[in-house]
Amino acid sequence: MLGFLIGEALRDLRRAGRVAVSAIVLITLSLAALGGFWLLSSNLKRAVTNWRERVRIIVYLKREPAPSEEGALLERVQRVPGVAGVAYISKADALKSLKQVLGKDASVVAQLPTNPLPASLEVTPAAEGATPEGARALLARLQTLPEADEVAGGVGWVERLSQWQRLVTTIGLGVGAVLAVAAILTVTTATTIILHARRDEMEIMRLVGAPEATIRLPLLLQGMLQGLLGALLALGALVLAHELVAPRLEPLVNITLGLSHLRFLPPTSLAALLIAGTVFGALGGWLARGSREP
């Protein structure tokens, strides 16, 4: 029975001709667009996560604490809500870092009469402190420290990157949804054409007592086949585009976003695209079936 139903679905697909091909192309375009934006959004999300982990808040101290005071100061800052870790940077360590940054020009530092750099605390925010609201609250709490002269740092630009990631996701869903509706309507049209072409044949099958499911199911399978074919073509296009484009973009992405490579979609996302294509096709076939229900 299953072989008969699939054979009928394939025959109906050939009958639909160009309209069926158009439906497959539209499903391919809708899923390729959705997958492309999904791919971009997932890599932007990785960049946001990486940069949030690198966020640091610097507390410049009014004076360098004595060695006996360092431990107590670090313990007190560690207990501030929103702080995941804290490290002390002495004036000597700060000057050493400056020399490393200056490189061959580090000899300029030796001409300074005294070390002008302040001692500081490098604070690593906890997860709740790595959001704009959490960072503002943490900055306010750190500024109340009696030893604090100035507090610098924040996550504003990381949050802006996060907003771009959400915008890309929204645009992808919008474009994919519009193309998906067009694909579903095209599948409906293709199935309706088959309904007209098989009208006499279907009436004869009903007269001889064939179950309605045997008559209608090939139409639904035809839609599902169109959706599955479109999804497979979309995945192929995404793989090809990733293989061709990713190596050329990765140097730029490494500099701007700090990502060493652009990851492709995980297997669960690929499975979701295949299921979405099949559902689009099935929905198109079902809508045509509903319009012809006696």
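I began with a rule: a polar contact is a pair of N or O atoms within 3.5 Å, where within protein one must be able to donate a hydrogen and the other to accept it, and residues adjacent in sequence count only if both atoms are side-chain atoms.

The model I looked at is predicted, so local features need pLDDT of at least 70 and side-chain atom pairs count only at pLDDT 80 or more, while totals for chains, interfaces and linings use all residues. Residues are numbered from 1 along each chain as its sequence is written, and side-chain values use heavy atoms, with hydrogens and water left out.

I found Arg46 in helix α2, helices being DSSP runs of H or I with at least four residues and strands runs of E with at least two, numbered from the N terminus. A polar atom of the Arg46 side chain lies 3.2 Å from the backbone oxygen of His261. I noted that Arg46 is buried yet has no salt bridge, the nearest side chain of opposite charge being Glu250 at 7.8 Å. Here buried means under 20% relative accessible area, exposed over 50% and partly exposed in between, with a 1.4 Å probe and protein chains only; a salt bridge needs a side-chain nitrogen of Lys or Arg within 4 Å of a carboxyl oxygen of Asp or Glu. For charge, Lys and Arg count as positive and Asp and Glu as negative, while His and the chain ends are not counted. Ser30 is also found in helix α2, and I listed Ser30 as buried because its relative accessibility is 1%. A polar atom of its side chain lies 2.9 Å from the backbone oxygen of Ile27.

**Entry on salt bridges.** I looked up the count, which comes to 3 salt bridges. In one of them, Glu122 pairs with Arg56, with the closest N and O atoms 3.9 Å apart. Glu122 lies in strand β3 (residues 120-125), so the pair ties together parts that are 66 residues apart in sequence. Arg76 and Glu147 form another, with closest N and O atoms 2.4 Å apart. That pair links distant parts of the chain, since Arg76 is in helix α3 (residues 67-78) and Glu147 in the loop between α6 (132-143) and β4 (148-152), 71 residues apart. I also recorded a salt bridge between the side chains of Arg63 and Glu69, at 3.3 Å from N to O. Arg63 is exposed, with a relative accessible area of 53%, whereas Glu69 is partly exposed at 33%.
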